[in-house]
Amino acid sequence: MPGHANVLVVSDIDGTLLDHETYDYNDAKPALGHLRKTGVPLVLASSKTAAEIAPLRAELGFDHCEAIVENGAGILEPGEANSADTSRYEAILAVLAGLPSGLRDGFTGFSRWSPEEISAKTGLSPENARRAGMRQFSEPGIWSGTQDAWLQVLSHLQAHGLTAHKGGRFVTVSFGHDKASRMHEIKARYRKAGNDPLVIAFGDAPNDIALLEAADIGVIIPNPAHDGLAVLEGESTGKIRRASHPAPLGWNEAIFEVLT
């Protein structure tokens with residue numbers, strides 16, 4: 001349940017809080033300890049599934065906070081390791097199954113891949129690939145058909161209330177929502193509980209832009225693994241700022257800079 005701090009931190013994980021290559025967060029431990037000590041909630045926000053995020057959330061010491069999973073398609077509630085409710089995922093698969101065979105065969109996703117195949121396509125370890133396959137809210141996959149056929153697929157998905165977002169590697173089908181909309185939803189919970197927190201958001205990639213712009217303060221973490229983000233409008237007013245170092249050191253420094 002919401003705490004009593006007047007600040008809420010929402011953070012992307014890979015390349016933002018964790019080192020992009022090693023997934024290490026040692027240099028962020030002072031800031032993580034400070035958040036825990038002062039009662040500031042940390043909401044992790046990632047493309048990862050609940051099964052992937054839950055162990056990390058517990059390890060960091062924020063199991064009492066919500067987490068935004070599958071790029072905003074769902075929320076992992078406080079204290080939950082994973083939800084047994086897969087009804088929304090099953091509904092997505094049912095809509096995909098309703099495509100004409102010529103269109104359905106052009107889209108292959110996690111539901112059709114073994115953990116070994118997911119590992120090969122994502123670079124995840126076998127165990128993490130297994131957890132990535134434990135989906136509840138979205139179906140990432142690869143489209144191998146024509147553009148005209150894809151437009152037919154989109155029309156079919158939209159008729160059933162689904163959206164399809166093209167990322168760098170996969171097309172992800174879901175019932176909508178993103179990190180920013182889930183952040184607003186979680187903030188509303190805190191407000192309802194009598195607290196209206198200042199939201200500080202951290203991100204490093206294009207799929208974090210909406211989150212950074214929707215927060216009261218956004219912090220861009222530089223990531224040498226990609227070209228980075230172009231200048232955002234909020235930077236001219238100081239609403240959005242840039243950390244000096246990549247994760248996890250940059251995240252650690254930015255937490256102290258913003259909170260003080």
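Q: So helices (H or I, at least four residues) and strands (E, at least two) are DSSP runs here, numbered from the N terminus. Where does that put Glu 80?

A: Glu 80 is in the loop between β4 (74-76) and α3 (87-97). Before we go on: this is a predicted model, where local features need pLDDT of at least 70, side-chain atom pairs count only at pLDDT 80 or more, and totals for chains, interfaces and linings use all residues. Numbering runs from 1 along each chain as its sequence is written, and side-chain values use heavy atoms, with hydrogens and water left out.

Q: Ok. Is Glu 80 buried, partly exposed or exposed?

A: Glu 80 comes out as partly exposed, at 31% relative accessibility. The scale is relative accessible area with a 1.4 Å probe and protein chains only: buried is under 20%, exposed is over 50%, and partly exposed is in between.

Q: And what does Glu 80 touch?

A: Ala 54 and Arg 57, leaving out residues up to four places away in sequence. Contact means heavy atoms within 4.5 Å. There's also a C-alpha to C-alpha figure for Glu 80 and Ala 67: they are 9.9 Å apart in space and 13 residues apart in sequence.

Q: Switching to charges. How many salt bridges are there?

A: The count is 13 salt bridges, taking a side-chain nitrogen of Lys or Arg within 4 Å of a carboxyl oxygen of Asp or Glu. Side chains of opposite charge can pair when their charged atoms come close.

Q: Which residue does Asp 14 pair with?

A: Lys 48, with 3.2 Å from N to O. That pair links distant parts of the chain, 34 residues apart: Asp 14 is in the loop between β1 (7-11) and α1 (29-38), and Lys 48 is in the loop between β2 (42-45) and α2 (50-60). Asp 14 is partly exposed at 25%, while Lys 48 counts as buried at 16%.

Q: What else does Lys 48 touch?

A: Apart from residues up to four places away in sequence, Lys 48 touches Ile 13, Asp 14, Ile 53, Val 69 and Glu 70.

Q: Now the greasy bits. In the largest nonpolar core, which residues touch the most other members?

A: Phe 202, Val 219 and Trp 251, out of 36 residues in that core. A nonpolar core is a set of buried Ala, Val, Leu, Ile, Met, Phe, Trp, Tyr and Cys residues joined through side-chain atoms within 4.5 Å. Elements giving two or more residues are β1, α1, β2, α2, β3 (67-69), β9, β10 (217-220) and α10 (249-259). The most comes from α2, with five residues.

Q: What does Trp 251 touch?

A: Not counting residues up to four places away in sequence, its contacts include Leu 17, Ala 31, Leu 35, Leu 42, Phe 202 and Ile 221. There's also a second, separate core of 15 residues, which includes Leu 99, Trp 150, Leu 162 and Val 171.

Q: Which residues of α10 are buried?

A: Gly 250, Trp 251, Asn 252, Ala 254, Ile 255 and Val 258. The cover over the buried residues of α10 includes β1, α1, β2, β9, β10 and β11 (240-242).

Q: Last one: what volume does the second largest pocket have?

A: About 330 Å³. A pocket is an open set of points on a 1 Å grid over the protein atoms alone, where a 1.4 Å probe fits, with protein on both sides within 12 Å along at least five of seven lines; lining residues have an atom within 4 Å of a point. Points are joined across faces, edges and corners, and volume is the space filled by probe spheres set on them. Of the 15 residues lining this second largest pocket, Tyr 23, Lys 48, Glu 52, Leu 56 and Asn 128 are the closest to its centre.

Q: Which element gives the largest share of that pocket's lining?

A: α2, with five residues.
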